[in-house]
Amino acid sequence: MAGASDKARFYLEQSVPELQELIRKKLFTTEEVRSIAKKRSTFEHKLNARGSTASDYARYAEYEMNLDSLRRKRSRRLGVKATSYTGQRRIFFVLDRATRKFHGDTDLWLQYLTFARQQKANKKVTQIITTMLRLHPTSPELWVYSAAYAMEERGDITEARSYMQRGLRFCRHSKDLWTEYLKLEMIHIAKILARRHILGLDATSSERHHVSDTEVTTGDVIPLSSTSMEQDIDSDDNRIHSTGSKSIEKNIASTPALNGAIPIAIVDSAMKKFSGDAAFGAQMFGIVAEFNQLHCARRILQHIVNTLLTTAPTSPPTLDCFIRESVVGLVATSPEFPGALMTVLDRFDSTMQNLGSLDKAQDSTRTCAIVSRHMITWILPYLAASELDPDIRSVLKSMVQTAANLCLSDRSTELSSTKSATITLLEGLNACGFKDLVQSGLVSALKVWPDEPGLLALQASGLQQPDCVQ
């Protein structure tokens, strides 16, 4: 115990000059400094004694962070110049001791990294990440964190890809790492296209000239008459643009990096690694669908659907992606939506017909019910749009009724659904006013789960008739 006390006393003695300066500059009173010294003594004795835990270090670091924040606020309020001793160094020292003793605690490492990023200590962050990944090479979340830091803070896609690829070598069976890698590449494409849009590189030459003319004649800029040399240059530019702008823009648009070649390669590698797992493929489909504003997203979605149809053609996730692919990212009031909705109807009808011809009737019923339930889930938000065309609303209501008849029957509920999924579906239908469908669905669900509180509560609450289906 004497050894622990000696260590604690040694660390406390190192902080004496700092405390004296706080009193001298009148940032803290003598009584407050005594309280700080007493608190630090308690922490140091606890850390240097046997039985200290990672939470002890975390609390000590949090206390020092709060103390440093208070010191900085008082310095600004009193107009005191920067002190010779900052809390940053002491907090780094505490967290470094914590990660050395409890190097297996990832929460401590993340707390260490979070503080270093807040302090803009980029060199320190790099050192922490290097040490952390060397000690935890099989933790997917740490590789994702490191790649996100490289992408968001440093803007280095090469380094971010390096982290992801190294992580995939160590964490071969992590689906989360594959999906985060796919999301990283989609974000990178979105940033490139946004940058090109800001710089006007995605516009035609005539559009760029129009924008530049508008900018010159507006605001605080005084337009100047062009000289003969400028006119000659403009004529040369027009001649060059007329012959080469279309080909240049076409080449830029066909660049593999902007057309989704890397995300497609990631999808192919991931599907091969997990033997065509349809649920995993649908998860990647959902990630790409979030970037529907990108022109390459449609191509990637089609590739995912084609891959799923090849590897698992009758799996419910495959059929769900196949049916709704054409309407992903479309607004119900857009001109393209009616045509895409017709494609959805055709695919849904053909899918139900193909499933009806399967040899195993039980598998067919289960798959039809799951696909129908998923379709209702993504149709209901469209019905909530107040500006929806009446004809389109009528078609969507008909689709919901057809799908509900397939997934809310007694046999379908028993084979394909869970309690939580059934309750969520019935609540969604009730919110959109499908009273008859909810009543029949409750009857079927209560036969399977007669004592389920959620179903009984829905039955007792009464059924609504909102505006979205009127």
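Student: Is C368 buried or exposed?

Tutor: C368 counts as buried because its relative accessibility is 11%; buried means under 20% relative accessible area, exposed over 50% and partly exposed in between, with a 1.4 Å probe and protein chains only. This is a predicted model, in which local features need pLDDT of at least 70, side-chain atom pairs count only at pLDDT 80 or more, and totals for chains, interfaces and linings use all residues. Residues are numbered from 1 along each chain as its sequence is written, and side-chain values use heavy atoms, with hydrogens and water left out.

Student: And what about C296?

Tutor: C296 counts as buried, at 1% relative accessibility.

Student: How many disulfides are there?

Tutor: Zero, from a search of the whole structure; a disulfide is a pair of cysteine sulfur atoms within 2.5 Å.

Student: Changing topic, where is E64?

Tutor: E64 lies in helix α4 (residues 54-78); helices are DSSP runs of H or I with at least four residues, numbered from the N terminus. E64 is buried, with a relative accessible area of 3%.

Student: Which residues is E64 in contact with?

Tutor: Leaving aside neighbours within four places in sequence, E64 is in contact with R40, R90 and I91, where contact means heavy atoms within 4.5 Å.

Student: Lastly, what should helix α17 span?

Tutor: The 20 residues of α17 (residues 337-356) should span 28 Å, taking 1.5 Å times one less than the number of residues. The end C-alpha atoms of α17 are 28 Å apart, which agrees.

Student: Which residues of α17 are buried?

Tutor: Among them are F337, L341, R347 and T351.

Terms used: Helix = DSSP H or I, 4+ residues; strand = E, 2+ residues; numbered from the N terminus.
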